[in-house]
Amino acid sequence: MNTPGPTLKVEGLSKIYAGSTGGVKTVDFTLKSGTFFTLLGPSGCGKTTTLRCIAGLETPNLGAIRLGDTSFFDAQAGANIPLNRRNIGMVFQSYAIWPHLTVFENVAFPLRVGKERYSRAQIKEMVERAVASVDLTGFESRSATQLSGGQQQRVALARAIVKKPSLLLLDEPLSNLDALLRDEMRAELKSLQARLGVTTIYVTHDQSEALEMSDLVAVMNGGVIVQMGTPQEIYFRPATGFVATFMGSANVLAGTVDTQAPDGSLGTVTLAGGRRLTCRFTRSAAAGDAVAVSIRPEDIRLLPAASGSGGANQLSGTVASASFLGHLARYTIDVGSGLTLHASIASQTMLQPGAQVAVEIPFDSTLALAADDAPPQGRRRNSQAAA
Amino acid sequence: MTALPLGDQAIAYRRPLGERLAASLPAIIVSIVIGLIVLPPVAVLIRTSLLSDDGAQWTLAHYATLFSDPRLYVSAWNSVTFSALAMLLSLLNGGIVAWLVERTNVPFKPLAYLSAIISLGTPYIIYVSAWLYILGRAGPLNASYRALTGETGLLFNVYSIPGMVLIEGVLWSPLVFLLLSATFRRSNADMEEAARMSGASVFATVTRISLRLAMPAIAGLGIFVFIRNLEAFDVPVLIGTPSKISLLTTDIYQSMTQVPPQLGHASAFSMLMMVIVAVLLHFYGRISKKAERYASITGKGFRPRPFDLGKGRWLGAALIVLNALLVLVLPLLAILYNSLTPFVRAMNLAGLSNLTLDHYRAVFAQAHYVELALNTVIVAASAATVAVALTAIAAWMSVRRWPYSGLIDQLTSVPLVFPGIVLGVAMIEMALNAPIPVYGTLWVIGMAFVIRYLPYGMRYSHAGIIQVHRELEDAAGISGATRPTILRRVLLPLISPSLIAGWLFIFLIGAKELSIAVLLAGYNAKTISVAMFDQWTNGAGGEVSAMGVIWTCVMTIFSSALYWVTRQRTDMASAK
């Protein structure tokens, strides 16, 4: 594990399905060995297609996929290694545990069918090690159908790593587990990956999974990578209104820049309804540029009367609706000029609908981002929850 | 966003020629093999129907003769009446029993299944001869009528269209029951409970919700049974022919058994029947698609909750018992009685005191019968094996959309348009022109069975493979397995229950098939159904009955196995 392993390079990858809107328009990324990389995005954004192209389950139209000196796929050179010769481990969304085989035979399958031959003793040792690393020792002779969802998940993982793959691909592996088990598996998966040091590509639509587990996250939309960076970068400096929405910002508002503002400076933006907000610019912008202004609901302060404190946008509004979530209360505030804001506040005291409140939003929490081609709506959050 | 740079300097990937060939060749080969199996019969029929009798020139004369003969329209009318009425009878009988068994708390449910299973394996000729006895002149029905009223006539003349309808309707009830009970089993009880919660009575729920939901399935099944009745040969030849009621299938049979056989006429006739069946199948296909949309399978841990019929359940029980009497007890008793009496006689004390095992001795004494049984088993088993093996591969390619697999589905459904007797005509013409002497051998019968049952094999294989999640195969590929390895180590073990069920089903219907084999059987190459048919027409009803009893016992073992396997399969599917 001390010698650096091969680098995965995906260049200009494209896979378009005739007569459909899905697929991958163009995707590029380079991963150092041992990286935990997450492809994050709503359904139909091309993340699973990208993964299946790397696995060899789909043949791309354009581009190249290289691992170190090996070209898995190269459109220009005409190279395409079939999937069963790529030595990749993969965990599927449905786990794909073969119901007619025992746990042992499921895990041993890659060792039995590959080109390399292993002795009986080698197979036994490798399977036992893989099974132990996912904490399933003692379950080897069970039929796969007698296992719970979480255990099947572990079998799938053991099968994926038993041959020491050069690459580990995980296709929404946690989406079929219940919430408690999902949290537990996140931590285990991350620590297993760190122990093995295998380059891992993880596909999910759940932003909290992506933030918790990844070294590097790529947010995809419409077949392209919208932003790639560390979890902190993606969360605190979203590139576009879409990324901000996807990372949990409920208030993404369209506006235009008033005066030219350099990267990282404060500047003012006029919103569609005519209201003006002071924003922190994450990218430099010229006067008249269209931007998306993102305000996280938890960054909004609601006060009985304006405190007049500096460094914050001061608004006044009426509580339109209030809901109690336990640790938080969620409000919709009507601030006039056709503008409503979503706010999440500690729930010790509840405000009633109709109450007059002062709304304060710190300048540093009012982010001016690049506008998307299609301006994001507040509704989009719901469609993601369903995705 | 950036436009796709196709056509710019970037080069779109195209697999090398060798690889593309390797990818497309398997499906092309399978398509050609299936095409070579299913298309020649059609081609031969078209050709013969358009050739003059001396084979010298192309002519429409056969069609002209066919359509100018007024008897055609009489036969067509008879066939349609017979098929429609028998279809209604079996839908009514099988449907009510299926609904009672699957959706209510009626007692005696196992009896309904038992009746259906045993009847699956029994040759139709046995049923028909049993019913002919029960309803016939000397049978218990008319005998007791005479004894009670002192009349000398008949209460019911079985040699009539109503008689044929009654018997054909009873013959098809068990299959209707099995198919509809699958539909009712899958239907979602939530929808019925929602209706009950909205204030509907049981009757209103059934008529306004359950029946409406099942309607496409019932209509589809209705067309299917109608087609099978139109193609039916056993009842028309055993009852219609003696009573001078001509039907389409018996007309074709007659023109083939005349001396000399009228091949051209029979072929033109066969073409006509195929066109009728094809049109009906078209509607069947459209309705089945609709039925799939209505099927409300909900997946996990789902149990339909039965209606509580209250006291009415005893009425339901009476219906189930009546059904069992009709499809199982009465015919079997009649056939058992006939196999034990020295000659056909009324069922009375005098008859009972004269029972003998002579017919059984006669059956066992002749090596010929053992040979017949063996022939039948060999032909049915080989045809089932070939059809299932071929369709398993074909269905795999078609379900997983291999390159060039698009035609496979259509090709395998071509034989659905061949009524058994039509396929017999086509096979005779092919065998007569074959370079190797196959005419009158078991090979021709076996081949005809393969052709006829290919669609059934496809149906079972297709259903099995569709249940296998695609990722189970992908995971094997990622693990390093080649396609043959995936087939052998992952797919085949997973779909084996479906394949076994398909094999048993084809074996069972092949073993009792009469209409295909009757024209193709040679003197030394008969199946048991043909032998029973010959014996019956020779007047040896007692031996036919004895053979029938033995054969029914043997086949019941296979049909129980079929039932058990398919039950396991649905259990497995619902356990996932």
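**Exercise 1. Determine which residues B:Gln535 touches, not counting residues up to four places away in sequence.**

Solution. First, B:Gln535 is placed in helix α23 (residues 528-537) of chain B, where helices are DSSP runs of H or I with at least four residues and strands are runs of E with at least two, numbered from the N terminus. Next, with contact taken as heavy atoms within 4.5 Å, B:Gln535 touches B:Tyr369, B:Ala540, B:Glu543, B:Val544 and B:Met547. Finally, B:Gln535 has a relative accessible area of 19% and is therefore buried (buried: under 20%; exposed: over 50%; partly exposed: in between; 1.4 Å probe, protein chains only).

The model is predicted: local features need pLDDT of at least 70, side-chain atom pairs count only at pLDDT 80 or more, and totals for chains, interfaces and linings use all residues. Side-chain values use heavy atoms, without hydrogens and water, residues are numbered from 1 along each chain as its sequence is written, and chains are lettered from A and ligands numbered from 1 in the order in which they are written.

**Exercise 2. Identify the bridge partner of A:Val293 in β21(A).**

Solution. The closed barrel of chain A has five strands in the order β12-β13-β14-β21-β15, with mixed pairing (two strands pair if DSSP finds at least two bridges between them). Within chain A, β15 (residues 290-295) and β21 (residues 366-370) are antiparallel and share five bridges. In β21(A), A:Ala368 is the partner of A:Val293.

**Exercise 3. State the average pLDDT of chain B.**

Solution. Over residues 1-9 of chain B, the pLDDT is below 50.

Notes: pLDDT is the predictor's confidence in each residue, from 0 to 100.
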